[in-house]
Structures are given as C-alpha cells and as structure tokens.
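Let us walk through this model step by step. Keep the sequence beside you as you read.

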Amino acid sequence: MRIKPFLCLVCAGLLAMFVAIGGGSAWANGNDGKVGAAIVAADVSVEVDGAKTRFRISLSKPVTAQASLMERPDRLIIDLPEVAFHLPPDSGRQKAGLISSYRYGLFAPGRSRVVMDLAQPATVTGMTVDANAAGGTTLLTIELTRTERDSFHRAAADSAAKAAKSAAVEPVPAAKDARPVIVIDPGHGGIDPGANAINGTFEKDLVLSFAQKLQKALEASGRYKVVMTRDKDVFISLGDRVRAARSVQADLFISIHADSISGGQEVRGLTVYTGAERASDADSARLAERENKADAVAGVESTDMPDDVSDILVDLTLRETRSFSHGFATRLVGQFDSIARMNKNPHRQARFQVLRAHDVPSVLVELGYLSSKQDLDLLMSEEWRGKMVTAMSVAVDRFFAPRLARQGAAAVLP
C-alpha cells in the first residue's frame, strides 16, 4: 500500500532515551523536558510493515512522551509537552495499517496530545528515539503490533489504573462576591476541533471568539462576575466544564456551539437547548450523542460525577434548576427571534453531559449550522455577532433582574 507523511515538522533537538515496551503505558524521555522555547512539530509519517505499524514524529526540542491505550473505541494516546503543530488541516484522516485516523492539539495548559483511532486491537511493542535523523531532526518512533482482544483489554486497564493515580486535583473554588456568577463555556477546543465549516474553519475557533465577545460585554456592565471554561485553544473535558461551574457556585452556565450536518446545506437556524433525561425529538437526541463523545475524541474516559447531597435533595434542586434553565432559554429565544434565523423548533431538550449540574441553571446555544453558507456568513460577520451578543446580554439582564433588584441578594439561584 502507499504510505505518505501526514504531518511535516521543522526540528532540531533531541529526545534522549528509549523507554518502556508493550503493555498499557510507555514513556520516552528527552534529556531536558523543560526547555523554555516552543516545541515545533511539522512532520509525522506512518509506515506499515506486515502486522506492525510505526508512527514517527519529529520534534524541535527535547520532550518526555507517554503512550497509553484506551477501549470503546480502541485508541492509542500519546501525551507530550505543549507542541506547536504546523500541519495541514486534513492531516491524520487517511487510514494506514493499524491506525484508522489520528488527531492532535493542545490538551491542557502546557500539554499536547495525539490520539490515534485503531483499526484493530494493538499494543505498543517499541518506542525509540533517533537523535541523528535526516536534516538534524530528532525522531520519535512508536511501534504498534496487532494483538488479541484480551491482551488489549488488559493493557487498556493498566493505562486506566495509572491515569487514575495521577488524576489532577480539582481547582480551589474562588472567593464568592455579591454579583451573580456566569460561566461561559466555548465548546470543544484543543485536540477536539468540533464541527468543520464549509470554508475549513473549525467550530472551536468560532465559538471561542464569540464567547470572548460575550464575556467582554457582560463584564463591561459591572453587574456580573464572568468565568470562562477556556480562554484559549485548549481541551477541557465535559466533566471538568461542569465541575468548573459548580466550583465557583455559578448562577448561570451558557455553553456555546455551532452544529454541522453532512450534505445538509439547506438546514440552518439557531437553537437553544436545555438538559433533560429524555430528548424532545430525535434530532436533539442525535446531537446530544455527538456532543457527549467529545471526551472520547480527546482520549479521555468520561466518568460519572456523584453528587454530594442526598438523592431527594438533588431531585428537588434539579427540578427548580431546570425551571430556571427553561426560563432563561425562553428569554434567549425571545431576544434572538428578531435577529437570527431560528430553527423551526428553537427551544429543545436533550441529555447533554455538559448540562448535568443539578444546581446550576444551564443552556447550550447552537448559534447555527457551519454546513450552511448562510449561517456561516452570519457567524463570520462582526455586525451579526455584535447583535447576538447584545441580545444575549439583554436576556441575561432580564433573567437576573429580580435578584439584582433585591438588596444584598446572595442566593445561588435568581
């Protein structure tokens, strides 16, 4: 078969030593993983050799790399220090050997990740470093070998156990001030690009830009404390987005997205979603299912978040919270109606993981369809985005008006 490089990289550096072989987790260490200058990646290639597949990546600085395996679906994860990937947008989409596709990007501050979707169960049987590769580059080679399902399952379980031991500590809640706290959640990010617009623009970039404008408008009023789940192109898991809102005792959570439908350029319009155990319609159920796979795209295991209060209190609070969520969604739709092309059913419900907080009123706003030229033109328009931000700000003001009118109000909910 024909194999070609998927990514191209400018490099001169070193990764110093060969690391662990096989099983669920493997490491490759450079002599100094704390070099201050940026690490550049511009070339990755895949070589198929019978039952083996070799993934090669060149880097411009010393790094420490970790490889691990995950199931459902089968994936190989490569964690690296923060890397600047200077690569074509279609890199990693072609199947080669044991690798059906791969994606890459910023995973967390200071950390980047490559996630490979595996065509068949495979384990890491070799990881080597060549500091004298052609052109003065340093080449990290990860060798994958086909294995049986039982062996892959054990290797993935070993990776999961090691990841659990090194799980990050939750952020310390910030001090509460008297103003309502609004958390704005730009969808996707980093290694998870979200939908792809017909002009090649990624959802993660469009929604971040829009969210930053909304943040600026709300902060300018002085009435709210505004927190962003991400303020740059970095991956945040669905669970961490919810935990971020709860950790600051948020009074409102607004998740910003932009959908896309393959072959559906005629489908367009804005939709506001609220959380529910049962979707209001089949389309909403399918969208929630896609959005709920964001963690899997980035090579993260989604985990349930047990509540810290009794089930009865959770149920009572959830009912009240969903009532507030519906109220805010209604205000949003009312403000959007004169500005945006609305979906035929503009307020819908589905089981979105990011809307799970039982004590934070939450909505997910799909600004439009990136697969629609008309919607995309609006999303790229500064004038239209300005009107939308103003409309959302008005809806927020009306939602919090009763609370703001009460002197010394400190209730979590309006």
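Helices (H or I, at least four residues) and strands (E, at least two) are DSSP runs, numbered from the N terminus. This is a predicted model, where local features need pLDDT of at least 70, side-chain atom pairs count only at pLDDT 80 or more, and totals for chains, interfaces and linings use all residues. Residues are numbered from 1 along each chain as its sequence is written, and side-chain values use heavy atoms, with hydrogens and water left out.

Start with the sheet. Strands of a sheet pair through backbone hydrogen bonds, either parallel or antiparallel. Here six strands form an open sheet with mixed pairing, in the order β14-β13-β15-β18-β16-β17. Two strands count as paired if DSSP finds at least two bridges between them. At the edges lie β14 (225-228) and β17 (342-350), and each pairs on one side only. From one strand to the next, the twist averages 20°.

Now look at one pair. Strand β16 (residues 270-275) and β17 run parallel, joined by five bridges. Val-272 stands opposite His-347 in β17. Helix α4 packs on the sheet and touches β15, β16, β17 and β18 (362-369). Contact means heavy atoms within 4.5 Å. The direction of α4 makes about 65° with that of β17. Such angles run from 0 to 180 degrees between N-to-C directions, and axes are lines fitted to C-alpha atoms, for helices over the stretch in contact.

Which element gives the most to the lining of the second largest pocket? The answer is β9, with six residues. A pocket is an open set of points on a 1 Å grid over the protein atoms alone, where a 1.4 Å probe fits, with protein on both sides within 12 Å along at least five of seven lines; lining residues have an atom within 4 Å of a point.
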